[in-house]
Amino acid sequence: MTGKPVLHYFNGRGRMESIRWLLAAAGVEFEEELFETREEFEKLIQGGALMYEQVPMVEIDGMKMVQTRAILRYIAAKYDLYGRNREEQAWIDMYVEGLRDLSDMIMFFPLSLPEEKAMNLEYILQRATTRFFPVYEKALKDHGQDFLVGNRLSWADVQLLEVILMTEECEASVLSGFPLLQDFKVRTSQIPTINRFLQPGSQRKPQLDEESMGTAKDIFKFDRGMFLKNMSTIVAEY
């Protein structure tokens, strides 16, 4: 045992990517056990390591942690990225929950039906620029600091940068109307631990390509009907 966190997932972004981001921002080295087949995933399930038979799963501090938000909150608290008091933690929680709503839309986007991709992309960009990014632009303006909460880096800042870059992969000019977010992106990207994670060869995962999507579908027995139901729920709620 090296003492490093061990991340169990498939070789892609998915819900593990925010965990990779947060560990990297904290300067924590981690290892990955990446499964490539349904059989490898089922072996992990049969071994009893997955409380709900789901991943992500992270081995850390003697625990086998599941549920993405629980893992992220634990890491943020452990590595001093979760505010200095309950009020700051509440603001961090509100910011990251909003960002999860946007990141989920983007994460599911590659699975859209071909005839619906243009419509779904338009919807994502419309929501990003009218509902979500205005909140964070205003937060930076009102707070008057380099960071969203307090005067130092937090989980909220890391999550915001991740989602900004995800959205720019959909539309490079998406921040054109948000000068403070543009400055935030440049400034936060230059933090040494984050800058290393953004370099080629890091453990940051690329966007899903067709081959990776096929692998993920095979591993998780992807059900398009369930996906469309989930997407319909997202659209109805947002």
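Predicted model: local features only at pLDDT ≥ 70, side-chain atom pairs only at ≥ 80, totals over all residues.
Local features require pLDDT of at least 70 and side-chain atom pairs pLDDT 80 or more, while totals for chains, interfaces and linings use all residues. Residues are numbered from 1 along each chain as its sequence is written, and side-chain values rest on heavy atoms, with hydrogens and water left out.

The model contains an open sheet of 4 strands in the order E2-E1-E3-E4, with mixed pairing. Strands (E, at least two residues) and helices (H or I, at least four residues) are DSSP runs numbered from the N terminus, and two strands are taken to pair if DSSP finds at least two bridges between them. Strand E2 (31-35) and strand E4 (63-66) form the edges; each has a single partner strand, so one side of each lacks a neighbour in the sheet. On average, neighbouring strands of this sheet are turned by 20 degrees against each other, direction ignored; for such angles, axes are lines fitted to C-alpha atoms, for helices over the stretch in contact, and values run from 0 to 180 degrees between N-to-C directions. Strand E3 (residues 57-60) pairs with E4 in the antiparallel sense over 4 bridges. Glu59 stands opposite Lys64 in E4.

Aromatic pairs were assigned to rings of Phe, Tyr and Trp (its six-membered ring) with centres within 6.5 Å; planes under 30 degrees apart count as stacked, over 60 as edge-to-face and the rest as tilted. By this rule, the count is 11 aromatic pairs. The ring centres of Trp21 and Phe197 are 5.2 Å apart and the planes stand at 75 degrees, so this pair is edge-to-face. The pair links distant parts of the chain, with Trp21 in helix H1 (residues 17-25) and Phe197 in helix H8 (residues 192-197), 176 residues apart. Trp21 is buried at 2% relative accessibility, and Phe197 is buried at 5% (buried, under 20% relative accessible area; exposed, over 50%; partly exposed, in between; 1.4 Å probe, protein chains only).

Trp91 and Tyr95 form a tilted pair, 5.8 Å centre to centre with 35 degrees between the planes. Both residues lie in helix H4 (residues 86-108), 4 residues apart, about one turn of the helix. Trp91 is partly exposed at 40% relative accessibility, whereas Tyr95 is buried at 11%.

Ring pairs also link Tyr9, Phe10, Phe35, Phe41 and Phe220 into a cluster.
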